[in-house]
Every structure is written in C-alpha cells, then in structure tokens.
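Welcome to a short tour of a protein structure. Please keep the sequence and the 3D view side by side as you read.

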Amino acid sequence: MSTDGSLSGKRFIVPIGPQHPALKEPGHFSFTVDGEVVTDASVRLGYAHRGIEKATESRNWTQSLYLLERICGICSHVHALAYCLGVEKLAGVEVPPRAQAIRVLVAELERIHSHFLWLGVAAHEAGFDTLFMYTWRDRETVMDILETLTGNRVNYSANVLGGVKFDVMPEIGDTIRRGLEFLEGRTHHYLEVVTTDQVFLQRTRGVGVMSLEQAETLGVVGPTARASGVIRDIRVEAPYAAYADYPVQPVLAEAGDLEARFIVRIKELFESYRIIRQILDTLPVGELQTRMPRRVKAGETVSRVEAPRGELFYFIKSNGTDNPERVKVRTPTLCNMASVLVTAVGHQLADMPMILAGIDPCFSCNDRTVVVADAGGAAYNWEQIRHYGIAFYQGK
Amino acid sequence: MELGKVWNDVFDRVKTWARVNSPWVLHFNSGSCNGCDIEILATLTPRYDVERFGVKLEGSPRHADVLICTGPVTLQARDRLLRVYEQMPEPKFVIAVGSCAISGGAFQGCYNVVGHVDEVIPVDIYVPGCPPRPEAIIDGVAKLLGKLQTPAAARPVEETVI
Ligand code: SF4
C-alpha cells in the first residue's frame, strides 16, 4: 500500500466489481484515488475459480480434454491444443501432418475471432460504441466460418487426442477465402480508425505506457509484451503443431501504450489471414488421426502454445493410468494482470477500464489455484485447502 | 374505493406494458467459461440485435428487470449472485443461459462449484446449450416477454432480506 500525498490527507478507495458494468466478468479491483488520479491499485481474483485442474484427476484422458476446453470459451481451441500436444508427447504418438495443419488453421481462425472480439470490447470501454457494433458485425463472418468448419460457434472441439475431428474440404476452403477477403478489407479500415480518429487517440495515445524494461520485469506475454517491443511469441520461439512449416512473422511495436496494443493486435490479424491462406493452399494430404492408447505412459511434460492473449502453459503428469495425475495450467492473463496494477498508477480513474481492457483480460482462464501457505509456512494439501476455503466463505 | 381499484388496475397494465416493451437485463457471470457470455454479447450486436425488442443491457441491479445468469455457481460467486438478485426490484425474472447454469454442465463435481443457478435463486427460463446459439438466447428472452404479458406470472413479492 502506498502512502498518500493527497491534499486533504484522506485516502479514498474505489471498489470496482465483482459485478460492474465495466467488467464483463467477475473480478474485484480496489483503486486508491487522490481526486481523480489513481495512486494505488489492487486486485482480487478467483470468482470464476471452479477447480478444473483438480477435476481432471477424476476424469480420464479423453474426458479431461472436453473439460479443459471449457476453461475459456474465447480461446477454447488453444486450451485443447496445448493439452493434446502434451498428452501426445507423453504417449509418444505421432500426429499426422494434415491434422497438425488443421489445428493451426483453427487456432488462427480463433485468433481472428478473439482479436475482433477484443477490439469491440476495448472500443466499448472507450465509449466508442459504433466501433464495437461494427467489429462485432464483422466478427460474425469468422464465427460463420468456424461454425461451417467445426459445427459450433464457440467450444469447437476440433481436437481429439491423436489428431483432429474433421477434414477441410475444398469447398470450405473457398468459403474461408471469401470470408477472409472481406475481413481483410475491414481490418485495413479499423487500422486506419484506431490510428487517425482524434477522439479515440486521446483515450489511447500515451495512456498506460509500459516500457520495454517494465515489460520484461513484469513478465508480460503476448500482444501486451509485443506492443512494448518484447519479442515473445511461442509460435516463433518454439514452433508447435505445424507452425514450423508455416512460419509466423511477429508483429512488434515500440510505444508500449494502448495505441500500440491496438496496432499490434490489428496487424496480427493480417498475419493470421496470410497463414490461413497459406495453409489452405498447401494443406498436406494424409490421415486425420492416429490411434491413441487409453493409458498414457508415466512421465511428465510441459507444453506451451501461443493463445490470442499470450503464452499458455500446461504441465501434465501421468502415472500410467487412464487419468492424469496432475494438470497445471498457467494462462496469459495471470502474467499480464500485474502490469495493470503498475500502469494504472498515475492515471485518471476513468482510464481504468481502458487500461484493463488493454491486456485483453480473461478472468475465467485466470482464476487458477495457487499454493496457499499458512503463517507457519507449511503448505496445505488439497483436502485441507478445500475445507479451509469452505470454512472461509461460510464464516463470512 | 372503486376508483382506487380502477386506478390500480390501469396502473398495473401500464407497468406491464412498459416492462414487456422494454425489459432491462443485467448479466451476471457466476463462474462461466465466457462462452455463454460472448454469445449474450453477440445478441446485442447488429446481426442479432435484441434491442429491437427493447431489451437493454443494464449495469446496475437496481434498474434491471431481468437477470441473465451464466455458468455454474462457484463458492465465491454464490453470495454475490444472491446479493445482486436481492438488490433487484420486484417483480424480477431470471434467465439461466447455458448447460452450466442449468445443471452445472461440464463442471459438475468440481470442488469449488456449489451447483447450478436454480439451487441459489429461482429461475424462470432455461436456455440450454454449450453455449446456446444467440438465436436460442433471443428465443428465451422472447418467451419470457410472452410470460410477462400476464401480470399473474410475476412471482408474489417476497420478503426481501437486504
Ligand atoms: S454452458 Fe458451456 S459455454 Fe456456457 S459457461 Fe458452461 S461451459 Fe461455458
């Protein structure tokens, strides 16, 4: 807690959330203000914590796939992908190249949908509802593509352990190309809007600046890091699935403010369009799935993928049975959350929703378990922590 | 005396008319995966556009007629959900969107999930799906509007706790 230097000598704390019009998901923020200026910020998370990691232990490998996909509805495919890649690595299964390419295809389509979604929500936070409505109208194009391809608008379930569920037919390829052409035109327009609209620039330019050093110390990931000039993109650093065959050009910006984050995300869309077209042109022929053993060899592995919001990390441990022994997930929002608290200081209270939207937060991904130690420093085990949690909330 | 009854009758009709023509909805996420939430948001945007039914997303529970709930109810969110529900003025209606809100869905048995929405607050309309399509959500809202036409559909005013 910072000491205040306010004139009146009084500190005001503005609580926001867990239910608040500026937040679409439950999270709780306390901003200490001096007049209109924020002097300190703190966050409380966990409203959407459901205990998914623990639940995977009582489900078999296949059931866990569908559960983990439901960690987040916006980036469901990358969760399933990270899990599948890890489990396949453990089981020593080789996935056919066609399946890997289709996985990348869906991942990039998902990035498009997610970035459009974010652009709309961020514009809405800035009070620019026209842009919100337009981007969401255009986003329906990619939702249609995803629905034609996978059969569902959200939670596509494209992955199965050992491959993918569906094939990309040439006719669908044409539908996708037509959709992308339309979206590309619109994306050029949006890039122009966010870089030239004077009113909008006043909300974004020079707001929430995070320098390169800060970005590196805070350990931010994804577009938030790239907007500050940090090259951090798993697709480039450690290509997974078929990214080695379809190399990605990371998009960087220097400024580190909100405007830079808009620019980075919008420019990434062009990169996604390019990769999707390339995949459609050069889709390898072959099988879609390989057989997966019901039991996975004992061992542990780490699997990392680039979600629309940044690095998604999975740790998977198997003990040779049909259920995972431990699955640990670390999502990009958790890495980025600290940057909100740091960049918030010194800004107007009215900028807070924008700064928060700048990292593209996703609370349902974020609310993960952490190790809780009591005052003596001893760690709790699962059963104790469960009882502690129940007692804590019932005592309130 | 007679006049008072007529007056109340007319007043009730005006209130029902206003409510049916422009229900204000409040969205509360009690632990959902976001899938349902983005579909609810999609219903507000140009392709689906629920505003043509006069539906408006409202930020404050004090101004809302309808509560749209998504997700299973987590231990942390339970009290907040109750509080938000209790803050809404009577008569109030609840729509549970998504398999999670209806039954716990994929999250049944998770240690931090206390259950589905109607174990915590009464629900009027259930919209199934994981997530339901925006059309399905609109259908749920339209069905609720149909229900609102009859003033008797409103639950009797309960003793409010807060
Ligand atoms: S019903 Fe499906 S989409 Fe909706 S919150 Fe639950 S898991 Fe997510």
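## A strand pair and its sheet

Let us begin with one pair of residues: Ser318(A) has Pro324(A) in strand 8 of chain A as its bridge partner. This is a predicted model, in which local features need pLDDT of at least 70 and side-chain atom pairs count only at pLDDT 80 or more, while totals for chains, interfaces and linings use all residues; side-chain values use heavy atoms, with hydrogens and water left out. Residues are numbered from 1 along each chain as its sequence is written, and chains are lettered from A and ligands numbered from 1 in the order in which they are written.

Strand 7 (residues 310–318) of chain A is joined to strand 8 of chain A by six bridges, and the two run antiparallel. Here, helices (H or I, at least four residues) and strands (E, at least two) are DSSP runs numbered from the N terminus, and two strands pair if DSSP finds at least two bridges between them. Together, three strands of chain A make an open antiparallel sheet in the order 6-7-8. Strand 6 (299–307) and strand 8 (324–330) of chain A are at the edges with a single partner strand each, so one side of each has no neighbour in the sheet. On average, neighbouring strands of this sheet are turned by 15° against each other, direction ignored.

Across strand 7 and strand 8 of chain A lies helix 2 (residues 61–69) of chain A, running at about 155° to strand 7 of chain A. Such angles run from 0 to 180 degrees between N-to-C directions, with axes fitted as lines to C-alpha atoms, for helices over the stretch in contact.

## A hairpin

Now look at strand 2 (residues 28–34) and strand 3 (residues 37–44) of chain A, which run antiparallel and are joined by seven bridges. They form a hairpin with two residues between them, and Gly35(A) in the turn has a positive phi of about 70°. Asp34(A) stands opposite Val37(A) in strand 3 of chain A.

## The nonpolar core

Which residues touch the most other members of the largest nonpolar core? Among its 137 residues, they are Tyr83(A), Leu109(A), Ile112(A), Leu149(A), Tyr314(A) and Ile95(B). A nonpolar core is a set of buried Ala, Val, Leu, Ile, Met, Phe, Trp, Tyr and Cys residues joined through side-chain atoms within 4.5 Å; buried means under 20% relative accessible area, exposed over 50%, and partly exposed in between (1.4 Å probe, protein chains only). Helix 4 (residues 97–125) of chain A gives the most to this core, with 16 residues. Domain 1 (1–44 + 337–361) and domain 2 (52–336) of chain A both contribute residues, so the core lies between them. These bounds come from an automatic or database domain assignment.

Leaving aside neighbours within four places in sequence, Tyr83(A) is in contact (heavy atoms within 4.5 Å) with residues including Trp61(A), Leu65(A), Tyr314(A) and Pro324(A).

## Two domains

The C-alpha centres of domain 1 and domain 2 of chain A lie 29 Å apart. Their contact takes 19 residues from domain 1 of chain A and 26 residues from domain 2 of chain A.

## A buried tyrosine

Is Tyr243(A) buried or exposed? With 1% relative accessibility, Tyr243(A) counts as buried. Tyr243(A) sits in the loop between helix 10 (234–237) and helix 11 (258–281) of chain A. Its contacts, leaving aside neighbours within four places in sequence, include Val104(A), Glu108(A) and Arg111(A).
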